[in-house]
There are 2 protein chains.
Amino acid sequence: MAEIKKINHVAVVVADIDQALGFWQDALGLQLHHVEEVPSQKAVVAFLPVGDSEVELVKPTTDDSGLAKFLAEKGGGMHHLCIEVDDIDAKLAELKQKGVRLINETAQELPGRKMAFVHPKSTGGVLVELYQII
Amino acid sequence: MAEIKKINHVAVVVADIDQALGFWQDALGLQLHHVEEVPSQKAVVAFLPVGDSEVELVKPTTDDSGLAKFLAEKGGGMHHLCIEVDDIDAKLAELKQKGVRLINETAQELPGRKMAFVHPKSTGGVLVELYQII
């Protein structure tokens with residue numbers, strides 16, 4: 001059975017990275033690791049490690065993504081919770097077998113990581129991302 | 001300056017603890033530490049450690065709390081992000097000095113912990129709880 005490792009990150013959708021860093025970095029005191037454009041998410045992401053997890057501030061760079069719709073509808077806020085596992089393929093198979101509704105039935109593979117999303121309908125309203133470092 | 005320690009927990013408001021555990025414990029595979037009535041929050045809370053943080057499933061026990069209103073309006077989901085610090089009084093003073101809007105200007109003290117909430121207007125839409133183990 002695939003093992004749960006930790007909360008990899010909590011993703012927060014924001015309209016303006018610099019303004020958000022005014023709170024998360026300058027006021028609250030998290031360290032900013034780096035800011036990076038992430039084309040696969042159509043977003044710019046600021047990575048702020050905290051403990052063995054991260055807060056990720058995510059600004060959509062197009063108008064047509066789920067992130068952009070979330071921002072337009074809700075004005076920003078917590079978007080998803082990412083749980084890191086040691087074997088995402090095994091975990092997805094377990095979840096499917098248990099009747100959990102998956103947004104991605106197979107993991108998307110990107111350099112260094114594999115990821116898939118679980119539908120909020122199955123989690124009590126939370127968009128859950130599964131993540132494996134490879 | 002007060003030090004940030006970790007994400008203490010992510011709180012998820014749910015309509016039914018057992019149903020939510022069907023995903024978070026039985027399907028996803030988090031361990032359930034315990035379920036407890038928390039009168040100060042007017043809620044029953046299931047505590048599920050993951051890495052050095054926790055997922056907390058929170059079911060309101062009355063109709064008049066902020067948690068109950070969140071459940072009624074949104075049907076559940078991620079409610080707040082709790083950041084643990086080593087000195088909550090110092091951190092609240094820093095935030096206030098930097099113009100951050102606080103829901104609690106002084107920390108509430110309960111057995112073993114002190115806590116205060118930061119207003120989502122100052123964080124990019126996230127209800128942030130500050131927390132100190134005492």
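In what order do the eight strands of the open sheet in chain B run? In the predicted model, the order is β2-β3-β4-β1-β5-β8-β7-β6, and the pairing within this sheet is mixed. From one strand to the next, the twist averages 25 degrees.

B:Q108 has B:M115 in β7(B) as its bridge partner. Helix α1 (residues 17-27) of chain B packs on the sheet, where it touches β3 (43-50) and β4 (53-60) of chain B. The direction of α1(B) makes about 155 degrees with that of β4(B).

A search for aromatic pairs over all chains of the structure returns two. In chain A, the pair is formed by A:F23 and A:W24, in an edge-to-face arrangement with 5.0 Å centre to centre and 80 degrees between the planes. Both A:F23 and A:W24 are buried. In chain B, B:F23 and B:W24 form an edge-to-face pair, with 5.1 Å centre to centre and 80 degrees between the planes. B:F23 has a relative accessibility of 2% and therefore counts as buried, the cut-off being under 20% relative accessible area. B:W24 is likewise buried, with a relative accessible area of 0%.

Helix α2 (residues 66-74) of chain B has as its buried residues B:L67, B:A68, B:F70 and B:L71. These residues lie on the same side of α2(B), because the arc that they cover around the axis is only 160 degrees. B:A72 and B:E73, on the other side of α2(B), are exposed. The elements covering the buried residues of α2(B) include the strands β1 (4-13), β3, β4 and β5 (77-85) of chain B. Among these strands, β4, β1 and β5 follow one another in the sheet order given above, and β3 and β4 are also the strands touched by α1(B). Just after α2(B), B:G75 adopts a positive phi of about 75 degrees.

Definitions and conventions:
Residues numbered from 1 in each chain as written. Chains lettered and ligands numbered in written order. Predicted model: local features only at pLDDT ≥ 70, side-chain atom pairs only at ≥ 80, totals over all residues. Heavy atoms only, no water. Phe/Tyr/Trp six-rings, centres within 6.5 Å; stacked < 30°, edge-to-face > 60°. Buried < 20%, exposed > 50% of the residue type's maximum accessible area, 1.4 Å probe, protein only. Pairing = 2+ DSSP bridges. Helix = DSSP H or I, 4+ residues; strand = E, 2+ residues; numbered from the N terminus. Axes fitted to C-alpha atoms, helices over the stretch in contact; angles between N-to-C directions. Contact = heavy atoms within 4.5 Å. Arc of directions from axis to C-beta.
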